[in-house]
Structure formats: structure tokens, C-alpha cells
Amino acid sequence: MRLLALALLGFAAISGADASAATIDTVRARGQLLCGVSSGLPGFSAPDERGAWKGLDVDVCRAVAAAVFGDATKVRFVPLSTQQRITALQTGEVDVLSRNLTWTMGRDAGNSINFGPTVYYDGQGFLVKKSANVTSIKSLNGATVCTGSGTTNDQNIADYARANGISLRTLTTEKEEDGAHAFFGGRCDALSADASQLASFRASMVKNPDDYVILPELISKEPLTPAVRHGDDQWFDILKWTVFALIQAEESGVTSANIDSFAKTTSPELQRLLGYTGSMGKPLGLEDGWARNAIKQVGNYGEIYERNVGKGSALKLDRGLNAQWNKGGLLYAPPIR
């Protein structure tokens with residue numbers, strides 16, 4: 001019996017090793033990364049007027065492609081609905097899911113997917129017309145709220161209403177953008193989604209964004225996080241450490257514009273991060289310049305944030321919790337050593 005158990009453990013170890021190599025081998029053989037994104041959420045993932053995909057979630061996948069191939073353009077974006085997104089990852093339709101997906105226990109443990117580092121700390125909020133003079137969610141007692149199905153939004157609204165002794169009716173649509181259209185079309189008193197989504201809808205769907213306000217309260221924690229399938233530790237490590245490299249680069253002052261000036265840096269930490277010493281690519285199965293390629297071609301986390309959702313973008317979002325840990329935020333990369 002003991003020999004059988006040992007044999008089974010050995011088989012499991014071999015199977016795990018095979019699984020850990022499967023995704024990167026498939027990606028390299030294909031010649032491109034398949035990245036699952038939203039069907040259109042400006043600031044996070046949406047095609048521009050020329051059909052080129054842009055956004056924070058898009059740039060995460062471009063960074064992974066740069067780390068794997070040395071070329072951030074070797075990625076194909078697969079637009080997925082809320083209902084499709086997790087199944088598409090599970091079945092191998094995409095290699096990475098980078099689609100404003102909230103990291104929850106149920107999704108992590110119940111859907112056989114692994115979440116990498118959080119790339120945007122968010123929370124569910126409410127958008128209302130400024131002319132309604134609503135200043136608090138509690139003032140919406142008896143109101144109808146539009147929201148998308150297949151998300152945590154509907155349950156969060158019900159939990160909040162019950163906990164605060166108010167009544168909120170929900171009008172649920174299949175797609176988040178359909179809920180936004182319903183709200184802007186006057187079918188609801190408020191729109192509820194992640195605050196970043198509300199900012200995106202407000203900036204892209206109406207002529208006068210200033211006619212609408214996002215209420216100050218958030219009713220949930222929504223860590224938006226890219227994910228990969230269970231059972232592939234190497235691919236999971238590649239996703240994790242690519243994101244951590246972008247975060248560390250910002251903390252260390254390394255940008256896409258000045259990265260070449262660090263070629264002769266005397267900082268041991270930066271020498272390892274940029275692949276000049278330490279052979280840090282070997283454990284990932286990548287070239288030692290993997291992080292340097294990602295940072296140079298896509299930018300550090302701060303650059304990615306500012307051009308897509310920051311104050312210089314249409315969304316004009318504060319860094320807030322998405323600032324570096326030493327500047328009042330939650331971004332923190334483990335040591336690259």
C-alpha cells in the first residue's frame with residue numbers, strides 16, 4: 001500500500017511538472033499570447049478608433065508578452081463578456097484573463113483559477129445624476145439601481161440594503177454596458193458597478209460627464225486582478241513576477257524612458273531586476289532581460305496607470321489605494337532576489 005501511495009505521489013509530481021510547462025510551451029509554439037479582456041471598458045480594455053486595444057488590463061498582457069517573447073506586440077486580445085470570462089480561461093481559450101475581475105475566495109478556490117497580484121484596488125460605488133442632489137447611498141431608499149449580471153454587484157447591493165435598513169430595487173442586465181445605457185437612458189435612478197467602471201462609463205458614454213457624480217461611499221472591496229488556470233505553477237510565476245517587476249520599477253524610479261541609463265547601475269537590486277546579474281530569468285524559464293523588456297516596452301506601473309486611468313486620462317482617477325506602499329497606497333512588490 002505504501003509503495004502504491006509513493007508511486008501515486010511520484011505520478012502526481014511528474015504530472016504537475018508537465019502541467020507547469022504546458023502553457024508557456026503552447027504560447028511559444030503559437031507565437032503569441034491570448035489575453036482575455038472586456039468587450040469594451042475604456043481605460044482598462046477597449047479598442048480605439050483604429051482597432052488597437054488600449055487600457056490598463058491590456059498593458060498587463062503586453063508586459064507578459066514582452067517578458068515571454070521580448071516583444072510586447074505578440075499578443076492577441078480576446079473580448080469576453082462577464083458570463084464568458086472564467087469559462088474561457090478554464091477551457092484554454094485564453095492564456096491570461098486580464099479583465100477587471102474581482103479576486104474572491106469563490107472564484108479562486110471554486111473555479112480552479114489562480115489570481116496574480118492585484119493591479120487595481122477598487123470598490124463598488126453608485127453613479128447618479130448631479131441634478132438629483134443625492135449625496136449618500138442611504139438617500140436612494142426606494143430607488144431602482146441598474147447593474148450587470150454575472151458579477152458580485154447584485155449581491156453587494158442586497159447586502160448593503162439589508163444591513164442599512166433601506167430598500168433598493170435592481171434592474172439587472174446581461175452586460176455591464178447595457179446597464180449603463182439603461183441608466184443614462186433614464187430607466188434607473190442610479191448605476192452601480194466598480195467605481196472605476198462608473199468613471200469609464202461616465203467618460204465614454206455621455207456628452208457632459210460633469211452632469212453625473214460618483215457617490216463617495218464604496219460598499220465592497222473589489223481587488224481587480226489578472227488570473228491564470230490552476231495547475232501551471234511556472235505560468236503563474238511568470239504572471240506574478242511580471243506584475244511585481246512593473247510595481248518595483250516604479251518604486252525604484254525606472255521608467256520606459258530612462259531604463260537604458262541603468263545599464264551600469266551599482267544597485268544590486270536593480271542589477272537583478274533588469275537582468276544584468278543574478279540569472280533571475282532562469283527560475284521562470286525566461287531570458288534574464290525579461291523584466292527589462294516589459295518595463296522598456298510597456299512602462300512601469302505608474303506609467304501604465306497614468307496614461308490609462310490617471311489624472312491625464314479621460315477617467316481622471318486618483319492613485320488612492322493604487323499608490324506605492326511608501327506613498328499611502330497598497331502597491332508592494334516582494335524582493336526580486
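**Pockets**

I started with the largest pocket and got a volume of about 450 Å³. This is a predicted model, where local features need pLDDT of at least 70 and side-chain atom pairs count only at pLDDT 80 or more, while totals for chains, interfaces and linings use all residues. Residues are numbered from 1 along each chain as its sequence is written, and side-chain values use heavy atoms, with hydrogens and water left out.

Note on terms: a pocket is an open set of points on a 1 Å grid over the protein atoms alone, where a 1.4 Å probe fits, with protein on both sides within 12 Å along at least five of seven lines; lining residues have an atom within 4 Å of a point. The volume is the space filled by probe spheres set on the points, which are joined across faces, edges and corners.

I listed 22 lining residues for the largest pocket, and Tyr120, Tyr121, Asp122, Ala195 and Leu218 lie nearest its centre. Two or more lining residues come from each of β7 (120-122), α7 (195-205) and β13 (222-224). Helices (H or I, at least four residues) and strands (E, at least two) are DSSP runs, numbered from the N terminus. β7 gives the largest share of that lining, three residues.

By class I got 10 nonpolar, five polar and seven charged residues in the lining of the largest pocket. Here Ala, Val, Leu, Ile, Met, Phe, Trp, Tyr, Cys and Pro count as nonpolar, Asp, Glu, Lys and Arg as charged, and the others, Gly among them, as polar.

Next I looked up the second largest pocket, with a volume of about 230 Å³. It has 14 lining residues, including Lys54 and Asn308 among those nearest its centre. β2 (46-47) and α7 are the elements that give two or more residues to this lining. I noted six nonpolar, five polar and three charged residues there.

**Salt bridges**

I found 10 salt bridges in the structure, each a side-chain nitrogen of Lys or Arg within 4 Å of a carboxyl oxygen of Asp or Glu. Lys54 turned up again, paired with Asp48 at 3.4 Å, N to O.

Glu250 and Arg319 pair at 3.0 Å, N to O. Glu250 is in helix α8 (residues 233-252) and Arg319 in the segment after α11 (301-308), so this bridge ties together parts 69 residues apart in sequence. Arg319 is buried at 17% relative accessibility, where buried means under 20% relative accessible area, exposed over 50% and partly exposed in between (1.4 Å probe, protein chains only).

Lys296 and Asp260 pair at 3.1 Å, N to O. Lys296 is partly exposed at 43%. I also logged Asp59, Arg62 and Arg307 as a linked network of salt bridges.
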